[in-house]
Amino acid sequence: MAFSDLAGFEALLKAAPGPDLEAKAEAEARNAQLTKPAGSLGRLEEIGIWYASWRGAARPKVTRPQVAIFAGNHGVTARGVSAFPAEVTVQMVANFEHGGAAINQLARNAGAVMSIHPIELDRPTADFTEAPAMSEAECVAALKVGWDAVDPQADLLVVGEMGIGNTTSAAAIANALFGGTAADWVGRGTGVDDAGLKIKEEVCAAGVALHGDKTPLEILAALGGREVAAMAGGIARARHLRIPVVLDGFICCAAAATLERAVPGALDHCLAGHVSAEVAHPAVLRALVKEPLLSMRMRLGEGSGAGLAIPLIRAAVECLSGMATFAEAGVSGK
Ligand SMILES: Cc1cc2ncn([C@H]3O[C@H](COP(=O)(O)O)[C@@H](O)[C@H]3O)c2cc1C
Ligand SMILES: O=C(O)c1cccnc1
């Protein structure tokens, strides 16, 4: 399966498979017979059934989670939108490769295989206050990096990002997709001061004024970044492979939101791993109708919040698949 332009990518989104309803019904029936009062495992029960429906198996297992990290550089960093310099992006890629970042520890803790995908770091995107950040061809190339990064053998996917300046990009995407004003969507990211926040607001407003009336995937190209588009491509590919996805923080959810706005239901195979401390993340989650699993005051990105949620999802699946039924265990029912 391939795509060569945004229209082709959107057609693939539309053609993506839904959950396996037979496996879902089987998992629901099984869940109803497990040795516990009905509903007593709360959300764990829903998560187990959701996972079973996407994997097409009533008693699935999470054995091969994947964490794919994408990195890109942003033209808008020249405007002073981050507390850190743009070189940090490439420096953090080296850190990921040497195992020194937070996500390395969280991926290992989750038993996940981690892959790192720097995308043309020596070619920052255009400043989106002046021109589209990416041409259609550049956006399609980045979507493909994400599409190709997904291991078809994986059974759970986290997409993460590294890109200094990308909370500004994510805020502009959210503002363009969901309306309101720039002030509703910009936050402190890596920790900008009040003057930095003001600049972010102006940059976001200028980007939305220039590109806000485009279609959702054109907005991804115009206001996103290469790592942002790659996350969207990875999420879309996972859907075709029926691999459930754990969404990370503000940037990941802004990327994902372009898919949902292009084709409603495109994120049905995704759970929100956490709610980030970035101020507008709760609003993006509300717009996507996703209830986050964790609330840990994290605001790092890199897939860290989602990576932390992998063991929780595995725990839900272990209960569904491993528990005995009342009949098997000889436990009396109500
Ligand atoms: C050392 C370091 C490691 C990071 N890992 C993720 N981010 C996060 O911060 C960046 C977004 O924030 P802003 O828009 O304010 O630049 C992204 O790279 C994101 O992944 C990091 C940032 C830094 C400084
Ligand atoms: O919510 C996030 O993912 C986030 C917030 C701040 C900085 N980097 C990432």
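This is a tour of one predicted model, stop by stop, with what to select at each.

Residues are numbered from 1 along each chain as its sequence is written, while chains are lettered from A and ligands numbered from 1 in the order in which they are written. As the model is predicted, local features need pLDDT of at least 70 and side-chain atom pairs count only at pLDDT 80 or more, whereas totals for chains, interfaces and linings use all residues.

**Strand β1**

Select residues 65–71, strand β1. Helices (H or I, at least four residues) and strands (E, at least two) are DSSP runs, numbered from the N terminus. In β1, 7 of 7 residues are buried; a residue is buried if 20 or more other C-beta atoms lie within 10 Å of its own, exposed if 12 or fewer, and partly exposed in between, with C-beta atoms placed from the backbone. In a regular strand the side chains alternate between the two faces of the sheet. Here P65, V67, I69 and A71 lie on one side and Q66, A68 and F70 on the other, and both faces are covered.

Strand β3 runs parallel to β1 and is joined to β1 by 7 bridges, with A68 opposite V159. Strand β2 (residues 113–118) is also parallel to β1, through 6 bridges, and P118 is the bridge partner of A71.

**Helix α5**

Go to residues 102–109, helix α5, where I103, N104, L106 and A107 are buried. Their cover includes β1, α4, β2, β3 and α14. Just after the helix, G111 has a positive phi of about 70 degrees.

**E302**

Select E302, in the loop between α13 (281–288) and α14 (304–322). UniProt, in an unreviewed entry, places the feature "active site" at E302; UniProt positions are given in the numbering used here, feature names are shortened, and annotations may be inferred rather than shown by experiment. Is E302 buried or exposed? E302 counts as buried because 28 C-beta neighbours lie inside 10 Å. Beyond four places in sequence, E302 is in contact with I69, A101, A102, I103, G160 and M162; contact requires C-beta atoms, placed from the backbone, within 7 Å.

**The two ligands**

Show ligand 1 and the 18 residues around it, of which S82, T167, G189, T190 and G301 come nearest. A residue is near a molecule or strand if its C-beta atom, placed from the backbone, lies within 6 Å of it. Two or more residues each come from α4 (87–97), β3 (156–162) and α7 (166–178), and α7 gives the largest share, 3 residues. The shell has 7 nonpolar, 9 polar and 2 charged residues; Ala, Val, Leu, Ile, Met, Phe, Trp, Tyr, Cys and Pro count as nonpolar, Asp, Glu, Lys and Arg as charged, and the others, Gly among them, as polar.

Move to ligand 2, which has 13 residues around it, with G249, F250, S276, E278 and G301 nearest. By class, 3 are nonpolar, 7 polar and 3 charged.

**The nonpolar core**

Which residues have the most contacts inside the largest nonpolar core? They are I173, A232 and A256, in a core of 108 residues. Such a core is a set of buried Ala, Val, Leu, Ile, Met, Phe, Trp, Tyr and Cys residues joined through C-beta atoms within 7 Å. Helix α12 (residues 250–262) contributes the most to this core, with 10 residues. Select A232 to find L143, G146, L220, A255, A256, T258 and L259 touching it, leaving out residues up to four places away in sequence.

Key
Contact = placed C-beta atoms within 7 Å. Pairing = 2+ DSSP bridges.
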